[in-house]
Amino acid sequence: MPTDEKLKPIKGHCPDCGSGKWADPVGHYNEYERDDQNDIWASTDHRILKCRGCDKVYHQTDFIFSEDIDYQRDPSTGEEVADYIHTIHYWPAPIKQVRPKWLNRVPTVDMDLYKLLNEVYSALDVDLAVLAAIGIRTTFDRGSELLGVDPSLPFSKKLDELVKLGATGATERDALSVMTDAGSASAHRGWRPTPEQLDTMMQIIEAFVHRNFILRTDVTALKNAVPAKLSKKAPHT
Ligand SMILES: [Zn+2]
């Protein structure tokens, strides 16, 4: 039964624009099943969504089950908050996480780094947010090890070392610190980042890998390709 609440704009995974994009529900149907004997129920919200970015129309199902509850601690109040776990699917299936063009060059740098990054993309493809966040942090670990940082150091010390080695600037250090904190929250406390937060984490790790392992080689190649400067002659008058 459509209600105003159910027709408010929400963020969906547009087949063309990607995840976390505002969409208007142009249709809604709630499917509800109840087992009175066992006092359990399941509810599926079917939404026809219209992307605000590209006008594409797609279908979302949002499933909750009475026994599937997630308990999280509210960081501001410290209180435990219970919420139903939403299992969300889309049709047509969302586009896969876009891989950067340089990804297929990573195996020439290090096979482990490549495999880790690939697993992160695969986790993002199927919306495994917690595993993707943990994978991002592990990718950073491998990358910093390749840059000569002792793998046994804690994250903050690794970041200090990267700054010392000149592999990271102060601004990137802050970004990497937030990213590794987020990865640790997922690894140890099961924190599930939103698609927007994961997108930020991906931008940070991709920039880190690209700058340190791909761009450096390209810069050296470019340097060698540029003809040497000719000695200056006096201008003709
Ligand atoms: Zn769209």
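This tour moves through a predicted model one selection at a time.

Before starting, note that residues are numbered from 1 along each chain as its sequence is written. Because this is a predicted model, local features need pLDDT of at least 70 and side-chain atom pairs count only at pLDDT 80 or more, while totals for chains, interfaces and linings use all residues, and side-chain values rest on heavy atoms, with hydrogens and water left out.

**Stop 1: the two domains.** Colour residues 5-91 as domain 1 and residues 101-225 as domain 2, bearing in mind that such bounds come from an automatic or database domain assignment. The C-alpha centres of domain 1 and domain 2 are 31 Å apart.

**Stop 2: the zinc ion.** Select the zinc ion together with Cys14, Cys17, Cys51 and Cys54, whose SG atoms coordinate the metal at 2.3 Å; donors are N, O and S atoms within 2.8 Å of the metal (3.2 Å for Na, K and Ca), and sites may look incomplete since water is not among the atoms. What arrangement do the 4 donor atoms around the zinc ion make? Their angles of 102 to 113° make the arrangement tetrahedral, a word used for four donors if all angles lie between 85 and 135 degrees. Along the sequence, the donor residues of the zinc ion follow the spacing C-x2-C-x33-C-x2-C. Cysteine 14 belongs to strand 1 (residues 10-14) and cysteine 54 to the loop between strand 3 (40-51) and strand 4 (57-65), so this pair ties together parts that are 40 residues apart in sequence. Here, helices (H or I, at least four residues) and strands (E, at least two) are DSSP runs, numbered from the N terminus. Cysteine 14 counts as buried at 0% relative accessibility, whereas cysteine 54 counts as partly exposed at 33%; buried means under 20% relative accessible area, exposed over 50%, and partly exposed in between (1.4 Å probe, protein chains only).

**Stop 3: backbone details.** Now select tryptophan 91 and proline 92, where the peptide bond from the former to the latter is cis, with omega near -5°. Proline 92 sits in the loop between strand 7 (87-91) and helix 1 (106-109). Next, pick aspartate 39, in the loop between strand 2 and strand 3, with a positive phi near 55°, and then aspartate 55, in the loop between strand 3 and strand 4, with a positive phi near 70°. For background, most residues other than glycine have a negative phi, and most peptide bonds are trans.

**Stop 4: salt bridges.** The structure holds 14 salt bridges, each being a side-chain nitrogen of Lys or Arg within 4 Å of a carboxyl oxygen of Asp or Glu. Show the side chains of aspartate 218 and arginine 105, which meet in a salt bridge with an N to O distance of 2.6 Å. This pair links distant parts of the chain, with aspartate 218 in helix 6 and arginine 105 in the loop between strand 7 and helix 1, 113 residues apart. Move on to lysine 158 and aspartate 141, whose closest N and O atoms are 2.5 Å apart in another salt bridge. Lysine 158 lies in helix 4 (residues 155-165) and aspartate 141 in helix 3 (residues 129-146), so the two tie together parts that are 17 residues apart in sequence. Is lysine 158 buried or exposed? Lysine 158 counts as buried, at 4% relative accessibility, while aspartate 141 is partly exposed, with a relative accessible area of 21%.

Methods: Four donors count as tetrahedral if all angles lie between 85 and 135 degrees; four count as square planar and six as octahedral if opposite donors are over 155 degrees apart and all others between 65 and 115; anything else is irregular.
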